[in-house]
Amino acid sequence: MNVRFDKRTPIYLQVLQDMKRQIIYGEVKAGEELPSRRQLANDLKINPNTVQRAFSEMEEEGLIYTEPNRPSRVTDDPALLNKLKKEWVEQKVSDFVSALRPLDLPVSEIVRLVEDNMQDRKKEDK
C-alpha cells in the first residue's frame, strides 16, 4: 500500500479509499488476506487506531470480514464487489462532469472525446 496523504482528508478515509481502489483494480483479490492492522500502520507510519477505523468501516460495508484469530480477508461476494465498482465509477463520472461543467461543451462533443480516448487506449494496450 502506497498512500500519499493529504492534509484535507482524514487519514482513515484516505486509507479506506486506497484499499477500495486496490480491490477495484484487482491489486488485492477477492478472498485475499490483508496485512494485520498493526503491520499496515507500521508500513504507512500511522497510528494503528487509524487503520483500525478504516478496517471497521470496510467491515461495516461488508468489503472485508475477520474471523476470530484469523487475518482479515476481502469479501468474495460478487454483488458487493460490483456495487463497489459501480459506486467508484459513479464518483469518478461525477468528478469528471464537475470538472467539465465550466467549459460549457455540448454533451455530444464530450462523449466523442471520451470515445476517442478510450479507443486510443485500447490500441496502446495491444
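The count comes to one aromatic pair, where rings of Phe, Tyr and Trp (its six-membered ring) pair if their centres lie within 6.5 Å, and planes under 30 degrees apart count as stacked, over 60 as edge-to-face and the rest as tilted. The pair is edge-to-face because the rings of tyrosine 25 and tryptophan 88 have their planes at 90 degrees, with centres 6.4 Å apart. This is a predicted model, in which local features need pLDDT of at least 70 and side-chain atom pairs count only at pLDDT 80 or more, while totals for chains, interfaces and linings use all residues. Residues are numbered from 1 along each chain as its sequence is written, and side-chain values use heavy atoms, with hydrogens and water left out.

**The aromatic pair in context**

- Tyrosine 25 sits in the loop between H1 and H2 and tryptophan 88 in helix H4, so that the pair links distant parts of the chain, 63 residues apart; helices (H or I, at least four residues) and strands (E, at least two) are DSSP runs, numbered from the N terminus.
- Tyrosine 25 is exposed, with a relative accessible area of 53%, whereas tryptophan 88 is buried at 13%; buried means under 20% relative accessible area, exposed over 50%, and partly exposed in between (1.4 Å probe, protein chains only).
- Tryptophan 88 is also touched by lysine 20, a residue of helix H1.
- Lysine 20 is buried, with a relative accessible area of 10%.
- Beyond residues up to four places away in sequence, lysine 20 touches Glu61, Leu63, Leu84 and Trp88, contact meaning heavy atoms within 4.5 Å.

**The nonpolar core**

- The largest nonpolar core has 22 residues, and Leu34, Phe55 and Met58 touch the most other members; such a core is a set of buried Ala, Val, Leu, Ile, Met, Phe, Trp, Tyr and Cys residues joined through side-chain atoms within 4.5 Å.
- Two or more residues of this core come from each of helix H1 (11-24), helix H2 (37-44), helix H3 (48-61) and helix H4 (78-100).
- H1 gives the most to this core, with five residues.
- Methionine 58 is in contact with Leu16, Met19, Leu63 and Ile64, leaving aside its neighbours within four places in sequence.
- In soluble globular proteins, nonpolar side chains tend to be buried together.

**A nonpolar patch on the surface**

- Val89, Val93, Phe96, Val97, Val114 and Met118 form a nonpolar surface patch, together holding about 490 Å² of accessible area.
- For patches of this kind, residues need over 30% relative accessible area and no salt bridge, with nonpolar side chains (Val, Leu, Ile, Met, Phe, Trp, Tyr) joined within 5 Å; accessible areas come from the Shrake-Rupley method with a 1.4 Å probe, and for residues only the protein chains shown count as cover.
- H4 and helix H5 (107-125) each give two or more residues to the nonpolar patch, and the largest share, four residues, comes from H4.
- Valine 89, in helix H4, counts as partly exposed at 48% relative accessibility.

**Salt bridges**

- The structure holds nine salt bridges, each a side-chain nitrogen of Lys or Arg within 4 Å of a carboxyl oxygen of Asp or Glu.
- Arginine 21 and aspartate 18 form one of them, with the closest N and O atoms 3.0 Å apart; these residues are three apart in helix H1, so about one helical turn separates them.
- Aspartate 18 is buried at 9% relative accessible area, while arginine 21 counts as partly exposed at 24%.
- Asp18, Arg21 and Glu27 are linked in a network of salt bridges.
- Arginine 37 and glutamate 59 meet through their side chains at 3.3 Å, N to O; arginine 37 lies in helix H2 and glutamate 59 in helix H3, so the pair ties together parts that are 22 residues apart in sequence.
- Arginine 37 is buried at 18%, and glutamate 59 is partly exposed at 30%.
- Aspartate 116 forms a salt bridge with arginine 112, the closest N and O atoms being 2.7 Å apart, and the two are four residues apart in helix H5.

**Positive phi in the loops**

- Most residues other than glycine have a negative phi.
- Asparagine 69 has a positive phi near 60 degrees and is found in the loop between strand S1 (64-65) and strand S2 (73-74), where asparagine 69 is exposed at 82%.
- Aspartate 104 has a positive phi near 55 degrees; aspartate 104 is in the loop between H4 and H5 and is exposed at 68%.

Methods. Patches are made of residues with over 30% relative accessible area and no salt bridge: like charges are joined within 9 Å, nonpolar side chains (Val, Leu, Ile, Met, Phe, Trp, Tyr) within 5 Å.
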